Amino acid sequence: MTQLLNTQTFGEPSEKPSLLIAHGLFGSGRNWRAIARRFSSDRQVITVDMRNHAGSFWNDVHTYDALADDLENTLTTSNGPVDVLGHSMGGKAAMVMALRNPANLNRLLVADIAPIAYSHSQISNIDIMRSVDLSAITRRSEADVLLKEQLPEAASRAFLLQSLEFAENGNRWTLNLDALANNMDHIVGFPDVTGQCQKQTLFIKGGASDYIQPAHMDTINTLFPHSELVEIPNAAHWVHAENPRAFIDVVAAFLDKSA
């Protein structure tokens with residue numbers, strides 16, 4: 001039986017294609033609510049929780065082929081071809097889907113990630129979350145104090161703490177940390193794919209981010225020949241959160257131009 005991602009829908013279907021938003025590692029659809037509401041005035045917007053995150057199912061497999069399957073299964077429940085916006089891990093999953101089976105895809109938007117394998121790892125953040133004794137805390141502020149010892153950046157702590165859930169039957173991370181750790185090579189990597197995506201594609205780069213570099217452009221243009229790159233100033237990898245106004249303007253211009 002096919003397991004479907006947890007989704008949240010904003011707005012109603014219209015003559016404009018729906019917009020599906022796929023978040024990045026350690027994130028959730030909830031992180032995108034403000035942007036989803038902004039675009040839901042004239043189209044339906046769907047945010048997903050990727051597998052092993054937030055309200056979606058847990059699975060030992062966390063490869064981009066599997067994540068692409070999840071997005072495809074979500075698109076098949078929508079009315080007509082859908083625009084897809086993916087950030088980081090979600091962007092890689094969306095790219096694999098677009099390269100492998102673009103039948104239900106209208107246009108693709110990729111936020112601050114390239115179709116390449118990166119050398120960095122997020123294992124350290126998983127180790128930090130695992131180090132917190134969840135049975136010993138009753139408030140998020142207490143967890144923040146514990147995380148601060150290993151993660152001094154307040155914004156990074158706040159982001160991770162969004163996935164901490166308090167419950168009478170035991171506190172927990174709403175992230176499948178074991179599966180994410182075991183699949184980290186897949187997450188920072190990118191699978192071997194053949195063919196090209198002929199759909200209109202927008203790559204959005206944070207001006208202070210190094211996730212999309214000049215050396216990546218040949219690969220991007222080969223796989224996505226109908227793509228363009230827009231750089232947003234005063235933003236790093238979390239481009240949609242660090243300069244949301246500029247991000248929304250760029251996305252809106254692309255969707256309106258390509259409609």
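Colleague: Let's start with L20: which residues does L20 touch, not counting residues up to four places away in sequence?

Modeller: A contact means heavy atoms within 4.5 Å. Leaving out residues up to four places away in sequence, L20 touches I46, V48, L71, T74, L75, V82, D83, V84 and L85. One of these, V84, is 64 residues from L20 in sequence, yet their C-alpha atoms are 4.8 Å apart in space. Before we go on, please note that this is a predicted model: local features need pLDDT of at least 70, side-chain atom pairs count only at pLDDT 80 or more, and totals for chains, interfaces and linings use all residues. Residues are numbered from 1 along each chain as its sequence is written, and side-chain values use heavy atoms, with hydrogens and water left out.

Colleague: Is L20 buried or exposed?

Modeller: Buried means under 20% relative accessible area, exposed over 50%, and partly exposed in between, with a 1.4 Å probe and protein chains only. L20 counts as buried because its relative accessible area is 0%. L20 sits in strand β2, residues 19-22; strands (E, at least two residues) and helices (H or I, at least four) are DSSP runs, numbered from the N terminus.

Colleague: Which residues touch the most other members in the largest nonpolar core?

Modeller: In soluble globular proteins, nonpolar side chains tend to be buried together. A nonpolar core here is a set of buried Ala, Val, Leu, Ile, Met, Phe, Trp, Tyr and Cys residues joined through side-chain atoms within 4.5 Å. The largest has 60 residues, and F26, L71, V84, L108 and F224 touch the most other members. Helix α3 gives the most to this core, with 8 residues. Another core, of 24 residues, lies apart from it and includes I21, V45, L202 and I248.

Colleague: And what volume does the largest pocket have?

Modeller: Rolling a probe the size of a water molecule over the atoms shows where empty space is left. On a 1 Å grid over the protein atoms alone, a pocket is an open set of points where a 1.4 Å probe fits, with protein on both sides within 12 Å along at least five of seven lines; lining residues have an atom within 4 Å of a point. Points are joined across faces, edges and corners, and a volume is the space filled by probe spheres set on them. The largest pocket has a volume of about 760 Å³. Of its 34 lining residues, L25, S88, F159, H237 and W238 are closest to its centre. Helix α6 gives the most to this lining, with 4 residues.
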